[in-house]
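Biologist: I would like to learn how to read a model of this kind, going from single residues up to the whole chain. Could we take one feature at a time, with the general idea before the case?

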Amino acid sequence: MFRLLFLMPIILCVIWYLFLRRYGVPIQKGRKGFVYILIFSTFVLGFLVLMMHVTNASL
C-alpha cells in the first residue's frame, strides 16, 4: 500500500481539475487548490515515512 501513495496527489489533482472544469472555473483561479493538495500530500507522506522509521517497519 505504501508504494501506491504517490498516486494520492495525482488522483486528488485530477479530481480538482475535473471539479474546476465542471463549474467553469479557470485553472489560474484554481491554482491555489493544486498547491494545497501538494502540500497536504507532502505532509501525509512525510508523516508516514516518519512513522516507518519510528517503528522500524520494513517495506
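Modeller: Let us begin with accessibility in this predicted model. A residue counts as buried under 20% relative accessible area and as exposed over 50%, with partly exposed in between. I10 has 47% relative accessibility, and therefore it counts as partly exposed.

Biologist: What does W16 contact, once its neighbours within four places in sequence are left aside?

Modeller: W16 is also placed in helix α1, and because its relative accessibility is 26%, it counts as partly exposed. Beyond those sequence neighbours, W16 is in contact with G30, G33, F34 and I37.

Biologist: Which residues of α2 are buried, and what covers them?

Modeller: The buried residues in α2 are G33, F34, I37 and S41, and their cover includes α1. With neighbours within four places in sequence set aside, the contacts of S41 are M8, P9 and L12.

Biologist: Is Y36 buried or exposed?

Modeller: Y36 is likewise found in helix α2, but at 51% relative accessibility it counts as exposed. Y36 and V54 are 18 residues apart in sequence, and their C-alpha atoms lie 27 Å apart in space.

Biologist: How can the length of a helix be checked, and what does the check give for α2?

Modeller: The general idea is to multiply 1.5 Å by one less than the number of residues, and to compare this expected span with the distance between the end C-alpha atoms. Helix α2 runs over residues 31-55, and because its 25 residues should span 36 Å, the 37 Å found between its end C-alpha atoms agrees with the expectation. After α2 comes N56, whose phi is positive, near 55 degrees.

Biologist: How many helices and strands does the protein have, and why is it described as more spread out than a compact globule?

Modeller: The protein has 2 helices and 0 strands. Its radius of gyration is 15 Å, well over the 10 Å that the globule rule gives for 59 residues, and so the protein is more spread out than a compact globule. The C-alpha trace spans about 45 × 20 × 10 Å along its principal axes.

Biologist: What share of the residues counts as buried, and what supplies the exposed area?

Modeller: Of the 59 residues, 15% count as buried. The protein exposes about 5200 Å², and carbon and sulfur atoms supply 73% of that area.

How values were computed. Residues are numbered from 1 along each chain as its sequence is written. This is a predicted model: local features need pLDDT of at least 70, side-chain atom pairs count only at pLDDT 80 or more; totals for chains, interfaces and linings use all residues. Side-chain values use heavy atoms; hydrogens and water are left out. Buried means under 20% relative accessible area, exposed over 50%, partly exposed in between (1.4 Å probe, protein chains only). Helices (H or I, at least four residues) and strands (E, at least two) are DSSP runs, numbered from the N terminus. Contact means heavy atoms within 4.5 Å. The radius of gyration is taken over C-alpha atoms; the globule rule is 2.2 Å times the number of residues to the power 0.38. Accessible areas come from the Shrake-Rupley method with a 1.4 Å probe; for residues, only the protein chains shown count as cover.
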